[in-house]
Amino acid sequence: MKVIRINTPKGQFDVPLKLVAENRADYYIVEKDGLTKESKEYQDEIDWVIKDEDEGVDWILNNSDWVDWENVATKVNDDVNTTDEDFWSDSDDFNVVTVD
């Protein structure tokens, strides 16, 4: 499974890339285009984001905040690689990785 590993001031957390892709598809396909989650376009959008990992990182960083994801994020470790001031501002703190 692909996840976006996020550096936070409280450690590293994983957010499933599929959830990010669904969030993006909800916006572009359901809200903007007026289609349903059952549409082919909805699934195509999800598949595209999972394939183009940078799009998932761009979406989470530029279209949401940590509060939107903290309840679905899984803490991976206590490694602190960012400060409170820099948190949620640099794409270097968001990396797509594959986990079991």
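Trainee: Is A73 buried, partly exposed or exposed?
Mentor: This is a predicted model. A73 lies in the loop between α3 (53-63) and β3 (74-77). Its relative accessible area is 16%. The cut-off for buried is under 20%, so A73 counts as buried.

Trainee: Which residues is A73 in contact with, leaving aside its neighbours within four places in sequence?
Mentor: Start with the distance to P16. A73 and P16 are 57 residues apart in sequence, and their C-alpha atoms are 7.8 Å apart in space. The contacts of A73, with neighbours within four places left aside, are F13, D14, V15 and W66.

Trainee: What is the order of the strands in the open sheet?
Mentor: The sheet has 4 strands, and the pairing is antiparallel. β1 and strand β4 (residues 94-98) pair over 5 bridges. β1 and strand β2 (residues 11-16) pair over 6 bridges. The order is β3-β2-β1-β4.

Trainee: Which strands stand at the edges of that sheet?
Mentor: Look for strands with a single partner. One side of each such strand is left without a neighbour in the sheet. The edge strands are therefore β3 and β4.

Trainee: By how many degrees are neighbouring strands of this sheet turned against each other on average?
Mentor: Direction is ignored for this value.

Trainee: How many residues lie between β1 and β2 in their hairpin?
Mentor: The two strands pair in the antiparallel sense. In β2, the bridge partner of I4 is V15, and that of R5 is D14. Between the two strands of the hairpin, the number of residues is 2.

Trainee: Which residue of β4 stands opposite I6?
Mentor: Take β1 and β4, which pair in the antiparallel sense. Opposite I6, the residue in β4 is F94.

Trainee: How many of the 7 residues of strand β1 are buried?
Mentor: Strand β1 covers residues 2-8. The strand is mostly covered. Its count of buried residues is 5.

Trainee: Which strands does α1 touch as it packs on the sheet?
Mentor: The direction of α1 makes about 60° with that of β2. The strands touched by α1 are β1, β2 and β4.

Trainee: Is L19 buried, partly exposed or exposed?
Mentor: L19 has its place in helix α1. Not counting residues up to four places away in sequence, L19 touches W69 and V72. Its relative accessible area is 32%. That value falls between the cut-offs of 20% and 50%, so L19 is partly exposed.

Trainee: How far apart are the C-alpha atoms of L19 and G56?
Mentor: Along the chain, L19 and G56 are 37 residues apart.

Trainee: Is α1 oblique or parallel to α2?
Mentor: The axes of helix α1 (residues 17-32) and helix α2 (residues 40-51) come within 8 Å and cross at roughly 135°. That angle makes α1, relative to α2, oblique.

Trainee: Is the crossing of α1 past α2 left-handed or right-handed?
Mentor: Among the contact residues are L17, A21 and Y28 of α1, and Y42, I46 and W48 of α2. The residues of this contact divide into 11 nonpolar, no polar and 6 charged. The crossing is right-handed.

Trainee: Are α2 and α3 roughly perpendicular or roughly parallel?
Mentor: The axes of α2 and α3 come within 4 Å. They cross at roughly 100°. Angles of 65 to 115 degrees fall in one class, so α2 and α3 are roughly perpendicular.

Trainee: Which residues of α3 make the contact with α2?
Mentor: From α2, the contact uses W48, V49, I50 and K51. The residues of the contact divide into 3 nonpolar, 1 polar and 3 charged. From α3, the contact residues are E53, E55 and G56.

Trainee: Which residues of α3 are buried?
Mentor: What covers them includes β1, β2, α1, α2 and β4. The buried residues in α3 are E55, G56, V57, W59, I60 and L61.

Trainee: What is the relative accessible area of W88?
Mentor: W88 lies in the loop between β3 and β4. Its phi is near 65°, a positive value in a residue other than glycine. W88 is buried, and its relative accessible area is 13%.

Key: Residues numbered from 1 in each chain as written. Predicted model: local features only at pLDDT ≥ 70, side-chain atom pairs only at ≥ 80, totals over all residues. Heavy atoms only, no water. Axes fitted to C-alpha atoms, helices over the stretch in contact; angles between N-to-C directions. Parallel < 35°, antiparallel > 145°, perpendicular 65-115°, else oblique. Left-handed = near helix turned anticlockwise from the far one by under 90°. Contact = heavy atoms within 4.5 Å. Nonpolar A, V, L, I, M, F, W, Y, C, P; charged D, E, K, R; others polar. Buried < 20%, exposed > 50% of the residue type's maximum accessible area, 1.4 Å probe, protein only. Pairing = 2+ DSSP bridges.
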